[in-house]
Structure formats: structure tokens, C-alpha cells
Amino acid sequence: MNDSPMIPKLSPDIALAPDVLAFCQQLFNRGFDGEIETSYAARLAVATDNSVYQALPQAVLLPKSMEDIQRITDLANQQAYQHLKFAPRGGGTGTNGQALTEHIVLDVSRHMRGILEFNAKERWVRVQAGVIKDQLNAFLAPHGFFFAPDLSTSNRATIGGMVSTDASGQGSLVYGKTSDHVLELTTVLADGTVLQTKPMPVSLAEQLAQEPTPTGRVYQQVLTTCREYRAEILAKFPRLNRFLTGYDLEHVFSDDLQQFDLSRVITGAEGSLGIVVEAKLNVTPIAKYKCLVNVKYDSFESALRNAPFLVAANATSVETVDSKVLGLARNDIIWHQVKQFIEDVPGKDMQGLNMVEFNDEDDVGMQQKVANLEARLQEALATGQSGIIGYQLTYDTQAILQIYAMRKKSVGLLGNAKGAQKPIPFTEDTAVPPENLADFIMEFRQLLDSHGLSYGMFGHVDAGVLHVRPALDLCDPAQEQLMRTISDQVVQLTAKYGGLMWGEHGKGYRSEYGPEFFGETLFTELRKIKAAFDPLNRMNPGKICTPLQSTEALVSVDGQKRAFFDKQIPVAVKTSYDAATSCNGNGLCFNYEENSPMCPSSKVTKDRRHSPKGRAGLMREWLRLMSQQGVDVLAHEQRLLSERNSIGAWWQRLQNSRAKARGEQDFSHEVKEAMDGCLACKACAGQCPIKVDVPSFRARFLQLYHSRYARPLKDYVVGGIEATAPWLAKFPRFVNAGVRFPLTAWLLKHAVGYVDTPLLTVPSLQQRTRGYQPFDLIQFSALDAAERQKLVLFVQDPFTSYYEADLVEDAMALVAKMGFNPVLLPFVPNGKPQHVKGFLKEFAQTAKTASEFLNDVAKLGAPMVGLDASLVLVYRDEYVKTLGGARGNYQVSLFHEWLQHQALPQAKGQGYRLLAHCTEKTALPATEKTWQQIFKNAGLQLDVVAVGCCGMAGTYGHELQNQVTSRALYDMSWQSHVQANDARPLLVTGFSCRSQVKRYEGAKPLHPLQALLRQIS
Ligand SMILES: Cc1cc2nc3c(=O)[nH]c(=O)nc-3n(C[C@H](O)[C@H](O)[C@H](O)COP(=O)(O)OP(=O)(O)OC[C@H]3O[C@@H](n4cnc5c(N)ncnc54)[C@H](O)[C@@H]3O)c2cc1C
Ligand code: SF4
Ligand code: SF4
């Protein structure tokens, strides 16, 4: 066991093969415009998807254009590199390892996000393969269109990935699959051939097949296979709404055999035939009228058996969730948005829910359909038929979107199960004819029950697709074996009911079932097609099939799993770091949506390392490598919390830092780089379904990292801000003059790495609040109950107290105006800046001191309120984690949490817009609604504006290294709202956000309480 006072250097054996290195170097020399990433961290970031598998690629290429892709294939076709293989990758949301490879990843998701052409009249759009499905729909919406195939991962899955898995989801009976909407594809084959594919007369395809080129070879083979084996194909391919990936031989010919469309083979090919670079897609008008009927059942079986009845009511889609998923949703942030549409039925137990959607161009037509269904539901309720216990309907488009968001979050929510057994994907997309679904599921449940497994179920009952993720602990060899057993059994079971195990998400590592499913004749034809496209098996090898002459193997469900690595981390460490180790890779944190808080660093860099998933993955590997070196990370942390720093240790850290500056490699530096990009905004902690909380493990990592490497001066400045600010605030004018002095600003920038240092408030808070009764615990303890009830105690934070004292003054004035007695508590450091920088020993002490003080004050029984959410929330989260029971049970409310319960004087005035702080609204999802209610109570209108991160996040925006990203984040989400020509003034709840607006716009917006005060006055 390694018990050195500092962590060791990590040099994992991950050297690149010389040919890969040479390839990357030459690619660079040839003017490759995108990025070529070979670091261990970059490779690890794409070593997983949402599946249970893990494969470390050799390199990651991130092209910017078609030309870049051709540069790759041109070079790869040189003799020296013809053995190199590639796997295209988009959002990496595959559930069965589709995009995983040990070769070279070709990731189009970072740069190839261009929407190239749109023709509303002809209803089509041309896009690059890296465009995200929701990004496309946001572009189309103002024109009244959308890209119809839906999938749960729509905010991060790419068009290239959707094409290559032939994705579909909710509403597929009406809206179809991706392949139904592909008009043309541009695909680059491994040999560099550019294939433009679209429907054409068969005669033209025959003409092309005569060409002595790779294109001719491909047309020739696909024509031959699909023509000669048409009878076998029609007999073999199941008559399902869903398609089986690889390759859609059935639809290459139109039903009348007059048209030929090669795109049909490429859609669903899982990147095994070529790289899809561009797609021309059909777009669909957005239905003007929508209604969602939520039908509630006494059992999940009732919900399943009732689905055909709902489909028969001419519904656009019918989605289902079982009681387990409902239960998890109830405990998630998302429930706040949907609970009023899925209310419990008094005296009944809701065990299943069907969500029935009606869409129509015509309101009358839709109302008629809804009325018909309602009449039949009423009848069922009256007679107690079908297990229906109630229903609710809504026409509100926003509400419908939120209910679907809950349904889309189901997978993540299931992953949040406690304990080592986690729901995992391997049988998660079975499809059977809808009329067989209920019986199939009952038998499926028996199978899982017979193994004593727990699971949750949800899915598209109208299409016979059900998502089932049995909970297994793959670190346990017996359970890993069970996964294989169940896989085999489910393949048999789906076959028995006329369906497929891979009904929606593609095959990936389940490709081994291909030969059995297709039979020898058709599987041989698939292999011939693969050989025509990719004779050397260079594109996503092992997936779907291998070329006919190849002796290489298919991937298998027994492939290398993430658990192989995870189980090398000691259980105690894994449990202690569950904020990182439990990430299930569903990629919700890749959310592209610019006005959503989830994860600003991921959005602004488009670099997977800088996402919660990327950081969690790096942390896992770091913990594994530490264990391999014999380091007991937990014991090491304990030592750091108790030991004093010796001069020897300081000296050694300086030496190590010098070695780092000289370029000495250590995997810890790569992890540190990823952690440095985190804004510590905590959006992940609130919005990740698994509650992956990056700031919590980031702080622990930084503490450990700096046991080996010296800290930069900036860390001490930030970590010490609560100690220095009270002193500086004694001479605010002098300090401000100093900060404004060019030499000081230069020194702060270049020596400390800190820019745009905020100025202390003049006059100071002390001067502003002289008129109020000072805090005196002994004196206040002697007050009678009535007097105490009038007290409102203000818990100070360093930011508002010293840099925005006018806000504290206004808050106290408002409280006084409402007839209370506002009292400013003495400033006691909170510790958040220490926590952010990983000074955990110091943070523990600060938390202890603050808690002792706040516990004493709490005895007064008067409300304690704080003004800055990011600091107040530390009392509720980090204090509990650090101090446990020793924290005590005082409560510090945010101002709005206190205000919502008070009567407010009526005011008359203009309407306002609210931009809420991301940390606050992700931790306290009711924040915006509460402020709206408060304003309503005062007779004022407050409209909520959806915004992401402002780019400031405490001190992040002041650090020199973050200037570009901080500005880019502001421009991404805030700038347009702040600069909008809108008469309603902006109100901003976060100190950081107000500072950021001031920095870039010159004027500081008000906090909502300040607007209230002004109106009431
Ligand atoms: C929580 C969750 C819910 C899901 N729900 C659905 C659902 O409702 N419906 C559904 O259909 N799927 C669903 N999926 C599966 C997955 O999201 C889809 O398969 C999606 O289409 C994958 O897109 P991607 O961009 O993430 O592709 P990736 O995962 O990156 O890649 C998927 C496959 O496409 C290939 N590929 C990617 N880009 C290209 C390209 N440019 N050229 C050639 N090949 C390429 C890859 O090699 C790989 O084989 C879900 C997954 C998760 C995690
Ligand atoms: S961090 Fe959370 S949202 Fe992101 S992939 Fe992991 S579990 Fe999913
Ligand atoms: S704290 Fe914010 S920036 Fe950091 S990983 Fe979480 S969401 Fe991303």
C-alpha cells in the first residue's frame, strides 16, 4: 500500500501504435482542418456510450468538412495505412456499443453541425451529419416544420447517428422512421469513393451497376441481392413498424419494383458501410392542434392490454410507463413540471400510465377524436373495465412537451436505482407486433422474475416496442453471465412472438445474433453487400457483419465491459465516489440546448471531456489507476484533512510542478485540465437523472492533485476571498483606487490570472445599515415570542455584502417595509470559494465554525435568510456531506423562500422579465414559479425567460484562462435577452449573473426584490 504524503504520478501503458501516430502526423501535415486527438483523456471520452461496453480507441479525428473526411480516406488508402480501421461517431448515445471501437474514431458531432439548405416549398432540408435532432427542429419550427422521427435522445443524438441506426420513437405509426424521411445521402466509403444516393428508376441503377468503379460494384451487388432473394427477404423480414438494422434489403426496391434507393441500405448500417457526411431530409408540417390524454391504470398489464383500444381511437401515438418509472419521476426535479397533469386518483393506486396523443391540422377534427375517446373512457370508468382508474387531458403544448420530457428521462431515472445492481441496456428495445405485446411482456416479466431481477418498463405500445432494463451488477461475474443467459432467452422469446430483440436501437455488440436471425442465405448476402462497400472491413469492424471473404470476428455480447475496469476500483472508493462512478452514460448532459443550464462547459467547448459524463469517466479511470498503484484514495484524503503541510512537502510539490512545466507526463494533468473547465455551476447535480455531481468529486480531486503539485497563486486568492474581503471592505475607496490602478490590474492579470476584479461597494454595508438594530444574541434571546416573530436575520455572504451592499440594504428595507425587524448577522465565512478550489481541510473548518454560529442563532427561532443562492445552497449540500450529523439542523432560506409566505403590499406597475441563476433553478426547480407567485401576490406581472449559464459562475468568469469561454457563454444565451428591445425590465437573481451583465453591458440589472421594493415604495 502506497502511503506517501502525495499521490503518485500516473503513467498508464496506453502508448499509441507507431503507425497510428504516423498516420495522425501525416494527416496534420496534409492540412487536416479539424482536430486530431490522441491524449488518453480524449480517447477515454469516447471509449463508452450508453451501453455496458468499453473500448479504448487509438485516436479521435474530429473533421470540420467533407474535405477533411476525404483527407482521412485519401491518406488511409496509402499502402502503409490500409490496415487502419475507423468507426464513425455522432452523439455517442448508442445503447449497445454501436460507435465503440479499438481503432480510430471519426467523430462528426463537434464540428459538422451545419444546416446547409432549406426549401420550405418543397419541404426538405440538407444538413451535415453532426446536426443534432433538436437543433434541426429548433431551426425548422419558425417555418412551421419539424423532422418527424423522434427519439428520446433528441437533444444530443445526431442526424448521422439517427440515419445509421434508423432511429424512431414516439409517434412512429404516423411519423415513421428516419429512413422514411431520408431523401438523399452523401456517404464517403473507406476507399474515398463519394456515394450520392437517392431514389432512382431501376434502369438508372442498372446503368450505374455497369460502371467499373466501386460505385458500380456496390450497385451491382445490392441490385443482385435484392432482386434474386426478394422472396426470402419478404418472408424473413418481420412485418413490424420497426426495422432491423443492417441492411434494409426489403425497401431498396419500391413495392412496384420500379424504383431503387441505395440510401435504404445505408440507413441502419451502423457506420459499417461508410461515413454519412450529409443528408437531405424530408420535413413535416407541425400539426396545429395537439391534445394529450393521460390514462391511468390499476396495473401495468391493464395499461398494456388497453393500448390497442387507444390506438383504435385514431391516436397519433400511445406511450406507456409503469409504476416503477412513475415512482422515480415523482422524486425527480421533472415532477414539478408535470404533476398537475398526472394527479393521483383518490383511493386508487396508479400502477400504469398511457399517454395518448392526438394531432390534427383541424381543431374540430381533433376535438371529435378526443370526445370519442373521452366517451369511451367514461364508459370504462363507470363499469370498472380495463383497469382504467382515471384520465386527464391537456391541450397546452408546453405541458405536453414537459410530460414527454419526463418520459424521455425515464432511462436516466431508472439508472438512479440504489445499490450495485443498476438497470442496464441489452434487452431494452424489444419489438413485437402490438397485438402480441401484452402476452409477450407478461412472459418477459416471468423470465426476469425467475432470475429475481428488478426492472422498470416504458415504451411505445402503439408500435409494440418496450424498453426494459433489468438491474444487474456486471462487476459480479455470475451476473455478467446472467446477462448472456437473458440475452439468449430474450432473442428466443421475441422470435416466439414474431418480433426482434433489437427493435429500435440497433445491434452493436448484439451483432452476433445476426447469422442466426437472418439465416445462412440472407446473412451471406449481407456479407456480400458489406464486401462491395468495404472489402477490407475497415468501417466499424465487427458490427452487423464482416465482408464475405473476411475471417475477422463479429463483436459479441460477451465483449469487454465497462465493469471490467470498474471492478478494479475498491468498493469503498467506488461507493464514496458514487457521484462519478454511477454515471450510466446516457448523455443527457450533452444537451445542445443553448437556453438550458445543463452543462455550460460542454456546450461551449463541444468537447466530451468537458461534460459531466467526460469528467465522471476520467475520474473513474483515475481512481482505477490510483488503486493499481496501491493508493488508498480514501485514507489519503483523510491524511490530507488532518496533516499539516511540511516544508519538505512544499519543496517536493515545487519540484513536481517544475517537472510538469518541463512537459513530464502524468495522467492526473489530463484529469485536472478537464476539471479546470468546470464552472462548478452544479447544473449536473440537479439535472442529471443519476445526480452525477461534478463539483463534489472535482473538489476532492483538486485536493488530491495538489498534494503532489503546487497550487497557482489564483487558488489562494479565490480560496481566501472570505478572509480578505472583510478587511478590504474597511477601506473600500482606497482598495478600489488600487484595483483601478493600471499596474495593479496588470499584476492581477499576469501574476494572479485574475481580470475585471469587481469593486467594493461604497458606502460599505456597515455604513448603509447603521439605522438597523445590531445583532446581539444575548439581547435577542431575552425577547418575547411576539418580538422574535418579527425578526428576520440576514445571513451574509461575501459577494453581496462586500460587492453589492445596495442589494442587502434593499432587502432589509423591503423587510422593514413589511413590518418586520431586519437584522444583519455578523459576517461568518461560508467556505464555498474554498470548496470550489478544493481546499477541503479549510472548508471543513469553515463549515464547522459557520454551523456552530448558525446553530446558536437558530435557537432564536427566527427565520434566517440569505441572498445568494450558490452560497446558501452550500449550507444544505456540501455542509451535510462534510459535517454529517455535526452540521446540526438550522435552516437558511433564500429570500424568495421566505417571501413567498408573507403578505405583500399591493403595487401597480409594469411587467418584468426574470432570468434566474442556473445553480438555483436546477437545485430548486420551483424558484421561477415562486418568484412569479410573489410578484402576482403584489399585483405585478413577471415573465420567466429560459436562459442557460451566464458564463460568470462565481469567480470562473474572472479567471484569465476562461475569458473566451466566459464571453462565449454570455453571447450564447444571455446577450440576446439582455439586449432585446423589450420594455419589461430584466430582473436577475444571481450575483454572478448581474456582475456578468454589468461587465459586458455596462449596467447592472436589479434583483427581483429590488424591483418589488421600488414598486411598493
Ligand atoms: C436514454 C436513451 C434513449 C434512447 N431512445 C431512443 C429512441 O427513442 N429511439 C431510438 O431510435 N433510439 C434511441 N436511443 C438510441 C440512440 O440514441 C440512437 O440510436 C441514436 O440514433 C444514436 O445517435 P448518435 O448521434 O448518438 O449516434 P452514435 O451513438 O454516435 O452512433 C450510433 C451508430 O451510428 C453510427 N454513426 C454515427 N454517425 C455516423 C455517420 N456520420 N456516418 C456513419 N455512421 C454513423 C455509429 O458508428 C454507430 O454505429 C436511445 C438511447 C439512449 C441512451
Ligand atoms: S453525467 Fe448524468 S446525464 Fe451525463 S451521461 Fe452521466 S448519467 Fe447521463
Ligand atoms: S458543474 Fe456545471 S460546468 Fe461543471 S460539469 Fe456540472 S454542469 Fe458542467
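The crossing of α8 and α19 is left-handed, a crossing being called left-handed if the near helix is turned anticlockwise from the far one by less than a right angle, and right-handed if clockwise. The model is predicted, and local features require pLDDT of at least 70, side-chain atom pairs count only at pLDDT 80 or more, and totals for chains, interfaces and linings use all residues. Residues are numbered from 1 along each chain as its sequence is written, chains are lettered from A and ligands numbered from 1 in the order in which they are written, and side-chain values use heavy atoms, with hydrogens and water left out.

Helix α8 comprises residues 214-228 and helix α19 residues 514-533; their axes are 8 Å apart, at an angle of about 170°. Axes are lines fitted to C-alpha atoms, for helices over the stretch in contact, and angles run from 0 to 180 degrees between N-to-C directions. Helices (H or I, at least four residues) and strands (E, at least two) are DSSP runs, numbered from the N terminus. The two helices are therefore roughly antiparallel, where angles under 35 degrees count as roughly parallel, over 145 as roughly antiparallel, 65 to 115 as roughly perpendicular and the rest as oblique. Arg217, Val218, Gln221, Val222 and Thr225 of α8 make the contact with Glu525, Lys528, Ile529, Ala531, Ala532 and Phe533 of α19, contact meaning heavy atoms within 4.5 Å. These residues divide into 6 nonpolar, 2 polar and 3 charged; Ala, Val, Leu, Ile, Met, Phe, Trp, Tyr, Cys and Pro count as nonpolar, Asp, Glu, Lys and Arg as charged, and the others, Gly among them, as polar.

Helix α17 (residues 437-450) and helix α18 (residues 477-496) have axes that come within 11 Å and cross at roughly 160°, which makes α17 roughly antiparallel to α18. Their crossing is right-handed. On the α17 side, Phe440, Glu443, Phe444, Leu447 and Leu448 meet Ile486, Gln489, Val490, Leu493, Thr494 and Lys496 of α18. The contact contains 7 nonpolar, 2 polar and 2 charged residues.

For helix α24 (residues 612-628) and helix α29 (residues 694-705), the axes come within 11 Å and cross at roughly 40°, so α24 is oblique to α29. The crossing is left-handed. Pro612, Arg615, Ala616, Met619 and Trp622 of α24 form the contact with Val694, Phe697, Phe701 and Leu704 of α29. By class, 8 residues of this contact are nonpolar, none is polar and 1 is charged.

Ligand 1 has 35 residues around it, and Pro88, Thr93, Thr153, Thr158 and Ser168 come nearest. A polar side-chain atom of Thr153 lies 2.7 Å from an oxygen atom of the ligand, and a polar backbone atom of Gly94 is 3.0 Å from an oxygen atom of the ligand. A nitrogen atom of ligand 1 is 2.6 Å from a polar backbone atom of Ser168.

Two backbone features lie in loops. Most residues other than glycine have a negative phi, and most peptide bonds are trans. Lys606, in the loop between α23 (600-605) and α24, has a positive phi near 55°. The peptide bond from Val762 to Pro763 is cis, with omega near -10°, and Pro763 lies in the loop between α33 (742-752) and α34 (765-768).

Terms used:
Near = heavy atom within 4 Å. Polar contact = N/O pair within 3.5 Å; in protein donor to acceptor, adjacent residues only side chain to side chain.
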